[in-house]
Amino acid sequence: MNLIFSPLSKPSLFFPPHQLHKHNHHYFKFKPHCLQTTISSPISNTPPETKTGVIIVGAGLAGLAAATHLNSKNIPFLLVEASNSVGGRVRTDEVDGFLLDRGFQIFITGYPEAKNVLDYESLDLQKFYSGAFVYFNGKFHTVADPLRHFTDAILSLTNPIGSVIDKLLIGLTRIRVLSKSDGEILSANEISIIDLLRNTGFSGLIIDRFFRPFFGGIFFDKELETSSRLFDFIFKCLALGDNTLPAKGISAIPEQLARKLPSSSILLNSKVASIEEFESKSNLSSVKLQNGEILKSEFGVIIAVEEPEAEKLLAGKVGSKLGHKRLVRSTACLYFSADQVPISEPVLLLNGSGKGIVNNMFFATNVARSYGPPGKTLVSVSVIGTYEGKSDEDLTTIVLQELSGWFGDSLVKRWKHLRTYRIEFAQPNQCPPTNLLKSPKIGPSVYMCGDHWSSATFDGALVSGRRAAEALLKDKALASQ
């Protein structure tokens, strides 16, 4: 979303125009109910101060969800974002007419919180095939949802991706997760995904050839050490909805949320340097920007940045309460332009061979034609880990050589590399033990949200943002105002 600077009508609102230019912020004229003011003296060298109701640090999905809830209650807030746009890790770039999502990201329509806060129709969601094609022993084999592709599922019963019993167990797992509420799933006794699959009775064949690349690609965890709570939650969402891509890219999701907020409430290109806890003298919580400016909040601060950044901001304060695990999930995503497409279906392709570094891939323009210019195909390839020791050129060469074995060298050698995204922090570590329902409050007037504070999913980020705003309102008895 491009936010365009609009001149202020009154110098008393936020910073004078010359200061706005100097600090390179995106500011907007505020609506009266926002009560935003700037306190500064023309003869003082002290940084200007801005006062508002709530300060939200980070305009990713969690921050936007918190802002959405506050806005629905007519609570003034300021959403502060270090980058030039909203979305956090949920961003899309346009390159040579292609839409490149920053990393492998699929939106599941079965997410319960997303149904409440997003307008699916306006997102123009384009569906994937309900299942996957698994590359094994030189061929692609189908794993299909029997309720949506019954014939394909029957025909695939005897393929080498798993036994008939394995495929019956998938159906029983579906029944099991659908019989539980989301709260029950997210607070249930937990083990690792790999242990859950083995205890359920799945064979090593289907674990290695389907579950490892499929859920390994979702959680960037090929060893399947992630909590069984996350497996059950995603499995339930998949049973209730479809894998999709918004027609205008994954960034359409945060952009839709941002459009519903007062433009005056979003402050871009503004990195927060530190967060102070409740100040008894001024009765305000404060946030200091990297350029020295001070933002003061009457009601509290909501931290909605990814886990590593939250640790930096809270170092020496309430950060010790985060209780994080050092392991993070990382990935690299490579995009290519092609003139021909070897597979016409809008389907996710999984590497079930146990060889090579490609985990999964798909032809994005098969799913959403809008992801590429006419006559061109967009190829998206994902690996687990960032392969820091290899240059983009070397990583591209390895991936293309590997995929030449899948589709033929004569076809793949004509693919043009567009861009490689290496995402060091793609997801937080959510190996057992986890606490996916922990309190958002971490200090006096300081609240935390984000996928590291809930489930590592789009839905988890949205839920955590709402819950942080609700907790703040409850503490300050603002909900009825």
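Here is a walk through this predicted model, from its sheet to its cores, a hairpin and its cysteines.

Let's start with the open sheet. It has 7 strands in the order S9-S8-S16-S17-S18-S15-S19, and the pairing is mixed. As background, strands in a sheet pair through backbone hydrogen bonds, either parallel or antiparallel. At the edges you'll find strand S9 (139-144) and strand S19 (416-428); each has a single partner strand, so one side of each has no neighbour in the sheet. On average, neighbouring strands here are turned by 25° against each other, ignoring direction.

Now zoom in on one pair from that sheet. If you want a landmark, find Met361, which sits opposite Val381 in S18. Helix H14 (residues 392-407) packs on the sheet, and the strands it touches are S8 (131-136), S9, S15 (328-338), S16 (348-351), S17, S18 and S19. The direction of H14 makes about 75° with that of S17.

Nonpolar side chains in soluble globular proteins tend to be buried together. In this model the largest nonpolar core has 96 residues, and the members touching the most others are Ile56, Phe210, Phe211 and Ile302. Helix H16 (residues 458-476) supplies the largest share of this core, 8 residues. The core also draws on both domains, with at least three residues each from domain 1 (50-86 + 250-316 + 437-480) and domain 2 (92-249 + 329-427). Apart from this core lies another one, of 28 residues, including Ile343, Val381, Trp406 and Leu411.

Leaving out residues up to four places away in sequence, it touches Ile170, Leu197, Phe202, Ile206, Gly216, Leu224, Phe231 and Phe235.

Then there's a hairpin, made by S4 and S5 with 2 residues between them. Asp96, in the turn, has a positive phi of about 55°. Strand S4 (residues 92-95) runs antiparallel to S5, and 4 bridges join the two. One of the pairings puts Glu94 across from Leu99 in S5. Strand S5 (residues 98-101) is covered on both faces: Phe98 and Leu100 are buried on one side, Leu99 and Asp101 on the other.

Finally, the cysteines. The disulfide count is 0. Cys431 is buried, at 12% relative accessible area, and Cys449 is buried too, at 0%.

Conventions: Residues numbered from 1 in each chain as written. Predicted model: local features only at pLDDT ≥ 70, side-chain atom pairs only at ≥ 80, totals over all residues. Heavy atoms only, no water. Buried < 20%, exposed > 50% of the residue type's maximum accessible area, 1.4 Å probe, protein only. Pairing = 2+ DSSP bridges. Core = buried A, V, L, I, M, F, W, Y, C linked by side-chain atoms within 4.5 Å. Domains from an automatic or database assignment. Contact = heavy atoms within 4.5 Å. Disulfide = S-S within 2.5 Å. Axes fitted to C-alpha atoms, helices over the stretch in contact; angles between N-to-C directions.
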